[in-house]
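Subject: Structure for you to look through

Hello,

Here is the structure I promised to pass on. Please open it first, then read my notes below.

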Amino acid sequence: MTIIVTIVFVLWTIFNPSWPMAKVQKGVLSSVTQPSPQIVSPQNNEQLSGTEQIMIYMDPIGVMEMDVYALNNQNGQRIFLGVAPQQSGTYFYLSWDTTTVLNGSYKVWAEAHLSSGIVTYSEKVYTYVRNET
């Protein structure tokens, strides 16, 4: 019996090389942590005005696109700020003209679209936009 179980296990691992690793099915990942973007700038509770540089750190291997969003905390409006291109090594940058939004508090985050079809998210950074009117 032990020999049969061993043979089945060996055959199983040969034909399923990723076993017992987690498998991705329909964009859902189990048991494996994917890398996620980290917003380096702005920092939490930072006051913003004019044109601000958003800097995101992430290993670029497998990153197809890095989208950046802001959420207006007063009215719940989700704003697509743009696609942050990779400009140097592991950093992605996007300029945000804060004069195009209302003064107030915003949550800013990045979404990394990976070549595997998975989307990973940064932690939200809480900021306050204050432009002279």
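Is E111 buried or exposed? E111 is buried, because its relative accessibility is 7% (buried means under 20% relative accessible area, exposed over 50%, partly exposed in between, with a 1.4 Å probe and protein chains only).

Some ground rules. This is a predicted model, where local features need pLDDT of at least 70 and side-chain atom pairs count only at pLDDT 80 or more, while totals for chains, interfaces and linings use all residues. Residues are numbered from 1 along each chain as its sequence is written, and side-chain values use heavy atoms, without hydrogens or water.

**The overall layout**

The protein chain has one helix and 12 strands (DSSP runs numbered from the N terminus: helices are H or I with at least four residues, strands are E with at least two). The order along the sequence is α-β-β-β-β-β-β-β-β-β-β-β-β. The chain has 133 residues, and 32% of them count as buried.

**Around E111**

E111 belongs to strand β10. Its side chain makes a polar contact of 3.2 Å with the side chain of R78. Another, also given as 3.2 Å, links the side chains of E111 and W109. (A polar contact is a pair of N or O atoms within 3.5 Å; within protein, one must be able to donate a hydrogen and the other to accept it, and residues adjacent in sequence count only if both atoms are side-chain atoms.) Leaving aside neighbours within four places in sequence, E111 touches several residues, including E65, M66, Y69 and Y121.

**The aromatic pairs**

The whole structure holds five aromatic pairs. (Rings of Phe, Tyr and Trp, using the six-membered ring of Trp, pair if their centres lie within 6.5 Å; planes under 30 degrees apart count as stacked, over 60 as edge-to-face and the rest as tilted.) Why is the pair of Y69 and W109 stacked? The ring centres are 5.6 Å apart and the planes are at 20°, so Y69 and W109 are stacked. Y69 is in strand β6 (residues 63–72) and W109 is in β10 (residues 104–114), so this pair ties together parts 40 residues apart in sequence. Y69 is buried, at 12% relative accessible area. W109 is buried too, at 7%.

Y91 and Y93 make a tilted pair, with 6.5 Å between centres and 35° between planes. Y91 is partly exposed at 28%, whereas Y93 is buried at 18%. Y57, Y91 and Y93 form one aromatic cluster.

Charges sit over rings as well (NZ of Lys or CZ of Arg within 6 Å of the ring centre and within 35 degrees of the ring normal). The charged end of R78 is over the ring of Y69, 4.0 Å from its centre. K124 lies over the face of W109, 4.8 Å from the ring centre.

**The core**

The largest nonpolar core has 24 residues (buried Ala, Val, Leu, Ile, Met, Phe, Trp, Tyr and Cys residues, joined through side-chain atoms within 4.5 Å). I56, M66, V68, L81 and W96 have the most contacts inside it. Strand β10 gives the most to this core, with five residues. Not counting residues up to four places away in sequence, L81 touches I54, V68, Y69, A70, L94 and W96.

Best wishes

How values were computed: Contact = heavy atoms within 4.5 Å.
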